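Hi everyone, thanks for coming along. Please have a look at the sequence and the structure, and then we'll walk through a few places together.

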Amino acid sequence: MKLAVIGTGYVGLVTGTCLAEAGHDVVCVDIDESKVARLKKGDIPIYEPGLGDLVKKNFKAGNLRFTTSLAEIGEPAAIFFALPTPPNGDGEADLSFVLKAAQDVAQVLKGYTVLINKSTVPVGTAQKVAGLVSKHTKVGFDVISNPEFLREGFAVNDFMKPDRIVVGTGSAKAAKVMQEVYKPYTSAGAPLLIMDEASAEMTKYTANSFIATKISFMNEIANLCELVGADVEQVKRGIAPDPRIGSKYINAGIGYGGSCFPKDVSALERIAHQRDYDFKILKAVMLVNTHQKQVLVGRIVAKYGENLAGKTFAVWGLAFKPDTDDIREAPAIEIIRELVGRGAKIQAYDPEAADNTRKVLDDTITYSNAAQDALKDAHALIVVTEWKEFAAADLAKLKAELKDKTVYDGRNMFDPDDMKRAGLKYISIGRAAI
Ligand code: NAD
């Protein structure tokens, strides 16, 4: 099938590439000229495991193309919108990118086309987009909702082997097109769930808000564990085997970040607010997360005082989670800003996210090329993102390098007994400090 994807970011590039890999003929459009130029050279603008090889393979085969011009999409059966929906000042989803692209696309439609909202959008957006498009085209179309559930760091695998595909449409014609689009995945066993537009739009916000709720809940349990002398890692072991709870997203830490959970929880709370519904749990989830992002800063200030001039901290991990270069809403950025604001010097290392961080923090901190280099002359180490390579750290070297022999671990990556044996002070989350 001929398909187009508008927006070639984390979701759009994965969507376009995986659909090409599945046998479709895909054109990806982005307004960012430098991004498109890089993609045409086989230079992948984001870090996502496995994506680069697939882009190059399908680009070379000719069934994946990149352009900045909507005129080049031809006559696709379906067009995916994978555009940003960032929070506006009130925390609602800003639909301006989606609406602008929809209006532009309407003007190049040549025949019946399914327009697919893959962006995370509030309930009613499919209708809103349809109203706008109808003003700018005379050809037939349907606007449907097809939210994306991929996780950065696992995006290719999640798209290729989805646990479900949600399609929101009341149009039998559009549903048939979507069944055809996703046939390579449904024939491999992925369930395709067709529902109304509003329920599909609501499904995405429900999924992300539910996961964020689990995370905030476990973070509160961690904080309480510290007060009662319990170990949150043991509590986790104790609850995870219960099939009603499960082992996913119950890690205690320093809060969720990224481009999705914070904005989607906030947007859902706003959707409720606009209908005069007081969504109490979501307000608490956000409050807990805001607090949790500051937990390590509080501990550092408790030890060193408000004035951190003359103190140097090594920071391991800048991305909002491992296996991505995405730093949107990353706890590391907030933590670093708080520490730098108090006069601290920061030496940071991240395997993939330094370039993106530099765009935000400039040279207010120094960037190391290896985890070990960041430790030089540092008083303490702060572990912010749980990249696998950090778990293999040589503890004797940590002790030798760190002036105060202290590790603040925001992700509970280490065994407190190992740290103790290594002669390190170890402050983690939801466990007694040693
Ligand atoms: P992104 O910022 O990485 O990418 C968006 C792309 O759209 C950018 O490359 C930008 O240049 C481009 N763009 C903006 N306006 C355009 C226009 N008029 N025409 C063509 N291109 C245009 O965003 P993302 O992380 O891919 O997220 C996209 C949507 O998917 C959001 O609604 C997000 O909530 C949702 N989502 C994201 C994830 C994720 O893990 N990132 C997962 C599921 C859903």
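Let's start with a question: which residues does Glu-269 touch, not counting residues up to four places away in sequence? The answer is Phe-279, Leu-282, Lys-283 and Met-286. Touching, or contact, here means heavy atoms within 4.5 Å. Glu-269 itself sits in helix 11, which covers residues 261–274. Is Glu-269 buried or exposed? Glu-269 is buried, because its relative accessible area is 5% and buried means under 20%, exposed over 50%, and partly exposed in between, with a 1.4 Å probe and protein chains only.

Before we go on, a word on where this comes from. This is a predicted model, in which local features need pLDDT of at least 70, side-chain atom pairs count only at pLDDT 80 or more, and totals for chains, interfaces and linings use all residues. Residues are numbered from 1 along each chain as its sequence is written, and side-chain values use heavy atoms, with hydrogens and water left out.

Now let's step back to the whole chain. How many helices and strands are there? The chain has 19 helices and 14 strands; these are DSSP runs numbered from the N terminus, with helices being H or I of at least four residues and strands being E of at least two. The chain's radius of gyration is 23 Å, close to the 22 Å that the globule rule gives for 434 residues, so the chain is as compact as a globular protein of that length. That radius is taken over C-alpha atoms, and the rule is 2.2 Å times the number of residues to the power 0.38. If you follow the C-alpha trace along its principal axes, the chain spans about 70 × 50 × 40 Å.

What about inside and outside? Of the 434 residues, 53% count as buried. The chain exposes about 19100 Å², and carbon and sulfur atoms supply 54% of that; the areas come from the Shrake-Rupley method with a 1.4 Å probe, and for residues only the protein chains shown count as cover. Take the contacts between residues at least 6 apart in sequence: 72% of them join residues at least 24 apart.

For a closer look, find Ala-207 in helix 9, residues 197–228. Ala-207 is buried, because its relative accessible area is 17%. Leaving aside neighbours within four places in sequence, Ala-207 is in contact with Phe-149 and Arg-164. Val-265 is 58 residues from Ala-207 along the chain, and the C-alpha atoms of the two are separated by 9.8 Å.

The chain has 54 positive and 55 negative side chains, and the centres of the two sets lie 1 Å apart. Lys and Arg count as positive and Asp and Glu as negative, while His and the chain ends are not counted; each charge is placed at NZ of Lys, CZ of Arg, CG of Asp or CD of Glu.

How many salt bridges does the structure hold? There are 24, each being a side-chain nitrogen of Lys or Arg within 4 Å of a carboxyl oxygen of Asp or Glu. One of them joins Asp-163 and Arg-164, at 3.0 Å from N to O. Asp-163 is exposed at 58% relative accessibility, whereas Arg-164 is partly exposed at 25%. Another pairs Asp-242 with Arg-244 at 2.8 Å, N to O. There, Asp-242 is partly exposed at 21% and Arg-244 is exposed at 74%.

Then there is the bridge between Lys-293 and Glu-334, at 3.4 Å from N to O. This pair links distant parts of the chain, 41 residues apart: Lys-293 is in the loop between helix 12 (280–292) and helix 13 (295–304), and Glu-334 is in helix 14 (residues 331–341). Lys-293 is buried at 4% relative accessible area, while Glu-334 is partly exposed at 30%. Salt bridges that share partners also join Lys-2, Asp-25 and Arg-65 into one network.

Last stop: the backbone. Most residues other than glycine have a negative phi. Glu-329, although not a glycine, has a positive phi of about 60°. Glu-329 lies in the loop between strand 9 (312–316) and helix 14, and is partly exposed at 43% relative accessibility. Asn-412 is not a glycine either, and has a positive phi of about 50°. You'll find Asn-412 in the loop between strand 13 (406–409) and helix 19 (416–421), where Asn-412 counts as buried at 11% relative accessibility.
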